[in-house]
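Take a look at the model below.

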Amino acid sequence: MRVPENLVAELVDGELYTSPRPRGRHGRAGSGLGALLMPPFDFGRGGPGGWWIFDEPEVHWGARVDQQVTVPDLAGWRRERMPEIPDDHRFRVVPDWICEIDSPSTFRLDRSVKMPLYAQHGVGHLWMINPEARVLEVFRLEEGRWVVAATYGGEQRVNAEPFEAVEIDLKDLWA
Amino acid sequence: MSGATYEDLLKVPDLFIAELIGGHLFSSRRSAPLQLRAQIRLVARLFPLEERGSWIFMVSPALHLGGDVLVPDIAGWRAERMPETPETDGVEIVPDWVCEVISDTRLDRGVKLPAYGRHGVPCLWMIDARYRFMEVYVLQNGQWAIAAARGRGAGRCRAVRGARHPAGRPLRSGARVTRGDLAPPPRRAIRSLRRPSAR
């Protein structure tokens, strides 16, 4: 299957989904959050470290390669669960945390296809960011379901799980 | 009053819905046509349950729960929990189900959803008419859990298919809600319905 490079392509249950690459506010929220989380949680500067945080990694779900593929806006792995970064572009360890940033073109895909997929594979935490409404929803997986752990908005300073060790100023995410 | 403008009209308090949640006052504009259409279509689908005598529904009731005043877009009570229609201004019986048609994401998801949870509403539907999308939340150990999500591509979310809840089941089996009920179908969406699926 060939998809032009200006699109993000994802494959879930045999369906190919293509979405425009993030732009504007959406991109700002994603790169802003990456910049806030990487020093304390990935580099271990000003925080506990112990994580790998990646921007738009290509995550392969399930035992068979190239069958279920999504590209979350951000994903994080605890290093004890993924000691080594994969050599190729395929991330095959289930992430411990995923962040998806809502946009009108990806809203339903994120919430009705990708969220159930992530739950089914046991991702521990999911953040949904809506840059338009300036809302961060934090979900925790409990008994196989996404439970609303917290919903933050506007310019709140938050300690949101699983990254409660460091305070994040939400206003840094909004353009 | 002569020479009134739309600005004057907006100052009229009746155009706002006022809610009191955790000691904070929230005033919101009334829903826009897109949300109102979704609301009326959903009410039409649910009404057979009311006629059958199993549920009582109200559109935008003022729920007086604890110190809070919450106004959901639609609320439902199992008939046995509301044998008489209250003659008070508001309703003090916790609903068995509420539905929010999102008009303000921050208020609906960030403030009202947690408030309904605190008051023990067991089941909530969150409808986004712009995206023709709905989520079913159920209260699980005092926390909101997503039991199902339906939108375009609903047939594909196998992980949540069949997720049921005692409060959700009678509503769903008695009144099947399709995405067509969530908003008037724009032409683009009709095309997408016809697009052959991979399976």
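## Ground rules

This is a predicted model, where local features need pLDDT of at least 70, side-chain atom pairs count only at pLDDT 80 or more, and totals for chains, interfaces and linings use all residues. Residues are numbered from 1 along each chain as its sequence is written, chains are lettered from A and ligands numbered from 1 in the order written, and side-chain values use heavy atoms, with hydrogens and water left out.

## Cavities

A cavity here is a set of points, on a 1 Å grid over the protein atoms alone, where a 1.4 Å probe fits but cannot get out; lining residues have an atom within 4 Å of a point. Points are joined across faces, edges and corners, and a volume is the space filled by probe spheres set on them. There are 2 cavities of 30 Å³ or more.

## A:Thr70

Is A:Thr70 buried or exposed? A:Thr70 counts as buried because its relative accessible area is 0%, and the cut-off for buried is under 20% (1.4 Å probe, protein chains only).

Its side chain makes polar contacts (N or O atoms within 3.5 Å; within protein, one able to donate a hydrogen and the other to accept it, and sequence neighbours counting only if both atoms are side-chain atoms). The partners are the side chains of A:Trp61, at 3.0 Å, and A:Tyr118, at 3.1 Å.

Technical notes:
On a 1 Å grid over the protein atoms alone, a cavity is a set of points where a 1.4 Å probe fits but cannot get out, and a pocket is an open set with protein on both sides within 12 Å along at least five of seven lines; lining residues have an atom within 4 Å of a point. Buried means under 20% relative accessible area, exposed over 50%, partly exposed in between (1.4 Å probe, protein chains only).
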